[in-house]
There are 2 protein chains.
Amino acid sequence: MEISERKKKILAAVIEAYIATAEPVGSKYIAESGGLDLSSATIRNEMAELTAMGYLDQPHTSAGRVPSPKAYRLYVNELMERQRLSIEETEAINRSLCLKMQQLDKLMSDVGKLASSLTQYPAVALAAPIAATISRFDLIYVDVNTIIAVAMLSNNTVHNKLLNLPFSVDQGLVQRLASVFNTNFTDISEDKITPSMISSAECACGDTMGLTSVIAAFAIDTLRKAKEGAAVVAGASHLLRQPEFRDPDKAHEILSYLSDSEHLLGLPDVGEDDDIQVLIGPENVAKELKDSSVVIARYNAGDNMRGIIGVVGPTRMDYSGVAAKLRYIASWLSRLLGMPEAPRGFEKLQIKEMTIDEHQEDKN
Amino acid sequence: MEISERKKKILAAVIEAYIATAEPVGSKYIAESGGLDLSSATIRNEMAELTAMGYLDQPHTSAGRVPSPKAYRLYVNELMERQRLSIEETEAINRSLCLKMQQLDKLMSDVGKLASSLTQYPAVALAAPIAATISRFDLIYVDVNTIIAVAMLSNNTVHNKLLNLPFSVDQGLVQRLASVFNTNFTDISEDKITPSMISSAECACGDTMGLTSVIAAFAIDTLRKAKEGAAVVAGASHLLRQPEFRDPDKAHEILSYLSDSEHLLGLPDVGEDDDIQVLIGPENVAKELKDSSVVIARYNAGDNMRGIIGVVGPTRMDYSGVAAKLRYIASWLSRLLGMPEAPRGFEKLQIKEMTIDEHQEDKN
DNA sequence: TACTGGCACTCTCGCCTTCTGAGTGCTAAT
DNA sequence: ATTAGCACTCAGAAGGCGAGAGTGCCAGTA
């Protein structure tokens, strides 16, 4: 059956009322809240039809109506207005983001916190690096039994490790090793590094003490780490303020689900960059989330990595507001991480300018 | 008034029963649970006196008794048996710890998770580095506008940063800069680096493009980061399973308190290494924790840093079990982090051996 | 004197009943 | 097509009741 314009208006009104109050909404409430000039009886009839069509549920005979997941879906697809952030909100975001350019997981955690405090829902932030290879090796000779191994990766990050050796090495060996690793161990992925490669490298530079395998272990470790994504949950406790999670068992179920980063890394990875994806109730694959909704924004950090930042809440969620905030944060992240990292003597200032620019662009 | 031996026994029985059941315990229950051969009436009289002395509380006239914080304090000080971990438990811990030697905050997070899953309470792990200075600079020339800055710190960690320069540099300059920084910027703390130092370094090596200040910014940043502690909360959701936190408002209060790392870093920093500290209810300074208890173990990672790992729960907490587990983890951490880091081709094996050693030592 | 059995008393908790009111569906009137 | 009106339903609050757990105290016993 077709859904008339008027029905849509009523449905939107019901959804918005329910989002605001978390209580079943009755026909009288809608009639009186203005917007539509109809009597409660008319609205009642329409609501009865909407119920028949599966857009509204009735907790019991004499209660008001509650939107079904199907209704929310229609709402986010068609009905909901794309909300603009107010200047104040934008500036609040800018203010909290402007001093952050740092290690990846610290950044993730800060971004998660920001998203959570803005939306008042638990937020997850994750970053999944795209496969990287080592593009350059350096070995810094510190003293006879200390060297620093430095590996620069194809994604323009640099990893290092301090190696305290239980034996002495001479600078010549270290140099030979560095050049051997630079020729043989660059531009290959972790699983391509075989024991035989290592032992032939060992021969090539006359290493009798096993330093080669130490360096190789470092290389493998580095590549492995680079593949690992970072996942962070922030503001989990916000969930407890939502009426639908006042039941501690429900809350526990979700919170413990979220606290396992395995689960987070499995969050949907499709969709386009800088766009918002909403998963409503049963649309979630994880059964723990079947009663909740997830709003996800994807960002793209150049070729290095991609990530998502999302928010978890009840199906009765302020989709419009959350989407606007996440969209803004995600586009901000795309810029920050996507652009080649320029050296900064005065980091704060530079980033500040950038975000102001963006804000103005957005307006045009 | 003196507290007799028998009272202590009864008190311990009450506390243990309450820890196990979370319900007010009555005289009859104690009488029947064996251990003491006394009638319920006698126990009743003793309990009445314990109540008068402030060790027990009565929710209402006809309910059983509940231990007061004072009782718990006596319990942890005198009554509680120092629990040994079973072989199975030790091995479970070893198993989950043996594959971890990695970046600090990742390690913290893993340790927190471990503590939390062992104790079934939320756990906090924090590490506070002791002030460090840079002990060695290296600049790796990658190409005309890319260099990698590497700084080795006095605490034997190494930091690096990839610098993409908006101008071209020649290798000579880079070398000169490295040596200038090595002589002037090592072994000093962050606040000792002044703009005039930077400009004189700039002159010294004939830098006309501002590369010096970029490197200096890196140095400052590195020192600043090295000072920062890492704080992590894990398993927060476990709290919701405790009957005393089934009230979502209470749970929310504590969880949001814990999720702010500012608060965590303020956790008590006194006490001796490898020993356990217990803060019961009102002994906590933070008012959010006045109804909860915190068990803290301190570990010492050589000269580099010290940290604590703790567990938060209701005052009715399995102090003995938690203490035993934390003590074990802390001593493990002290060893892992305290010893100079040896290079490891076969990391897992080495660590595995170490923990087995410890376990055996502990037994003797 | 120290312990115990017994007993009356208190108070929470769970259960049942009743009552209220919000909200509905339907019908008849506009 | 819309609306006013009305009977109906049902969840949840309010009140009353009884059961049971636990206490305090007293008198009796070893």
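Axes are lines fitted to C-alpha atoms, for helices over the stretch in contact, and angles run from 0 to 180 degrees between N-to-C directions. The model is predicted, so that local features need pLDDT of at least 70 and side-chain atom pairs count only at pLDDT 80 or more, while totals for chains, interfaces and linings use all residues. Residues are numbered from 1 along each chain as its sequence is written, chains are lettered from A and ligands numbered from 1 in the order in which they are written, and side-chain values use heavy atoms, with hydrogens and water left out.

**View 1. Helix H1 of chain A crosses helix H3 (residues 40–52) of chain A**. The two axes come within 10 Å and cross at roughly 90°. H1(A) and H3(A) are therefore roughly perpendicular (65 to 115 degrees) to each other. On H1(A), the contact (heavy atoms within 4.5 Å) is made by A:Arg6, A:Lys7, A:Ile10, A:Leu11 and A:Val14. H3(A) brings A:Thr42, A:Ile43, A:Glu46, A:Met47, A:Glu49 and A:Leu50. By class, six of these residues are nonpolar, one is polar and four are charged. Ala, Val, Leu, Ile, Met, Phe, Trp, Tyr, Cys and Pro count as nonpolar, Asp, Glu, Lys and Arg as charged, and the others, Gly among them, as polar. Helices (H or I, at least four residues) and strands (E, at least two) are DSSP runs, numbered from the N terminus.

**View 2. Helix H1 (residues 5–21) packs on helix H4 (residues 69–79) in chain A**. The angle is about 110°, and the axes are 10 Å apart. That makes H1(A) roughly perpendicular to H4(A). Residues of H1(A) in this contact include A:Leu11, A:Ile15 and A:Ile19, and those of H4(A) include A:Tyr72, A:Leu74 and A:Tyr75. The contact has 10 nonpolar, no polar and three charged residues.

**View 3. A:Glu5 and A:Lys8 form a salt bridge**. Their side chains meet at 3.8 Å, N to O; the rule asks for a side-chain nitrogen of Lys or Arg within 4 Å of a carboxyl oxygen of Asp or Glu. Both residues lie in helix H1 of chain A, three residues apart, about one turn of the helix. Over all chains, the whole structure has 28 salt bridges.

**View 4. Chain A meets chain B**. In this interface, 44 residues of chain A are in contact with 44 residues of chain B. The buried area (accessible area, 1.4 Å probe, that two parts lose on being put together, summed over both) is about 3800 Å², of which carbon and sulfur atoms give 57%. Two salt bridges are counted between the chains. In one of them, the side chains of A:Asp249 and B:Arg246 meet at 3.1 Å, N to O.

Definitions and conventions:
Angles under 35 degrees count as roughly parallel, over 145 as roughly antiparallel, 65 to 115 as roughly perpendicular and the rest as oblique.
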